[in-house]
Amino acid sequence: MSFWNARAAQWVKRQFSQSPFEPTRRVWPTGVRLAVMVVLFVLVTGFAAGMRGVAGDNPVLSLLFGAAAVVIALTVYAAAVRFLEQRPASDLDTTEAGSGLRIGIPVGLGLFVATFALIALFGGYSTKGGVSVGGAVTLFGMMAGVAVVEELLFRGTVFRLVENLAGTRGALAISGLLFGAIHLVNPGATVWGSLAIAIEAGLMLGAAYAATRTLWLPIGLHFAWNFAQSGIFGITASGNEDMPGGLVHGVLSGPDVISGGGFGPDASIFAILVCAVPTVVFLSMAKRRGRLYTRRQLQSARTPAFS
């Protein structure tokens, strides 16, 4: 058993290695890579959802299954990039994970707290019931898995590969709209809420990826926002009314445009305004660093960095 564990650990380590390697097969066309990786991550998403269903409200199982979902998703992405594109997954360079998460998590928390403060200032938030530490732990594991899987799908796969076909601006628009549209399947979803997510989160997270070319910053932002929303303040996240309770039981009230209504703060006008600030900052960084590419630039470069 220890032999197989060692072999598995060695295989996983190799997937995340940034050392160049000699290609053993041709690089598949962008459209084929996009289709294959989307299918892969639809399967990973389904598997992660199944694990969340088994874990239920159990904090220990939620942490374990959340960690498992994170490891599986990251490994599948890294292995798929190496196989389909014959290069290391440079946007998952583990040496950049610490800095990306150290920035992304505090910024994501700060963005939600700012949104929450504005909603509360206008009388849109109150609490009822006691404190649930177990609920917060459950949601910590759940949101870690959600953030990683969704970022690998929408920024690592859709944004990155659509960028080759439509340039950076086209990738921002398409990945953002798809990110918003996927939330229409949530129980309490609304068209406005999904459009708001496309604008505030889809664009912001895509801009963060464009500016840094690493997935760690978007993952940190995504996780921190979701966990603060549901795990700390106990508010409905993106219409998911059937999620476990958070640290406190939050209640939204007042006009939907202020509180977000049944969809949660993601549909609040304040979320759009607050998240517009980092979106502009990230896009400015990307432009300053020369990372806003046109389709022609990407087509003519034909280097692994643009694959």
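# Close-up views of a predicted model

Figure 1. Arg-52, Ala-55, Gly-56, Ser-62, Phe-65, Gly-66, Gly-141 and Met-142 form the lining of the second largest cavity. Keep in mind, here and in every other view, that this is a predicted model. The volume of this second largest cavity is about 40 Å³. Three helices, α2, α3 and α5, each put at least two residues into its lining. Helix α3 gives the largest share, with 3 residues. Sorted by class, the lining has 4 polar, 3 nonpolar and 1 charged residues.

**Figure 2. The largest cavity.** How many cavities of 30 Å³ or more turn up in a search of the whole structure? The search finds 2. The largest cavity holds about 40 Å³ of space. At least two lining residues come from each of α2 (30–55), α3 (59–85) and α5 (133–182). Which helix gives the most to this lining? That is α5, with 4 residues. By class, the lining of the largest cavity splits into 6 nonpolar, 3 polar and 1 charged residues.

Figure 3. Helices α2, α4 (97–121), α5, α6 and α7 each bring at least two residues to the pocket lining. The largest share comes from α5, which supplies 10 residues. Count the lining by class and you get 24 nonpolar, 11 polar and 5 charged residues.

Figure 4. First, a bit of background: side chains can pair up when they carry opposite charges and their charged atoms come close. In this view, Glu-85 and Arg-160 make a salt bridge, and their closest N and O atoms are 3.0 Å apart. Glu-85 belongs to helix α3 and Arg-160 to helix α5, so this pair ties together parts that lie 75 residues apart in sequence. Are these two residues buried or exposed? Glu-85 has a relative accessible area of 2%, so Glu-85 is buried. Arg-160 is buried too, because its relative accessibility is 4%.

Arg-160 also meets Asp-91 in a salt bridge, at 3.8 Å from N to O. Asp-91 sits in the loop between α3 and α4 while Arg-160 is in helix α5, so here the linked parts are 69 residues apart in sequence. With a relative accessible area of 2%, Asp-91 is buried as well.

Figure 5. The side chains of Glu-151 and Arg-155 meet in a salt bridge, 2.7 Å from N to O. The two residues are 4 apart in helix α5, so about one helical turn separates them. Both Glu-151 and Arg-155 are buried. Elsewhere, salt bridges with shared partners link Arg-33, Glu-85, Arg-87, Asp-91 and Arg-160 into one network. The count of salt bridges comes to 6.

Figure 6. Leu-177, Trp-192, Leu-195, Ile-199 and Leu-203 make a nonpolar surface patch of about 430 Å². Where does the largest share of the patch come from? Helix α6 (residues 191–212) provides it, with 4 residues. Zoom in on Leu-203, which is located in helix α6. Leu-203 has a relative accessible area of 31%, so Leu-203 counts as partly exposed.

**Figure 7. Helix α7 and the glycine after it.** Helix α7 (residues 216–232) is mostly covered, with 16 of its 17 residues buried. Following α7 is Gly-234, which has a positive phi, near 65°.

Figure 8. Ser-19 lies in the loop between α1 (2–16) and α2. This serine is partly exposed, because the relative accessible area of Ser-19 is 45%. Ser-90 is 71 residues from Ser-19 in sequence, yet their C-alpha atoms are 9.7 Å apart in space.

Terms used: Residues numbered from 1 in each chain as written. Predicted model: local features only at pLDDT ≥ 70, side-chain atom pairs only at ≥ 80, totals over all residues. Heavy atoms only, no water. 1 Å grid on protein atoms, 1.4 Å probe; cavity = no way out; pocket = protein on both sides within 12 Å on 5 of 7 lines; lining within 4 Å. Points joined across faces, edges and corners; volume = space filled by probe spheres on them. Nonpolar A, V, L, I, M, F, W, Y, C, P; charged D, E, K, R; others polar. Patch = residues over 30% accessible without salt bridge, like charges linked within 9 Å, V, L, I, M, F, W, Y side chains within 5 Å. Areas by Shrake-Rupley, 256 points an atom, 1.4 Å probe, with all protein chains shown as cover. Salt bridge = Lys/Arg side-chain N within 4 Å of Asp/Glu carboxyl O. Buried < 20%, exposed > 50% of the residue type's maximum accessible area, 1.4 Å probe, protein only.
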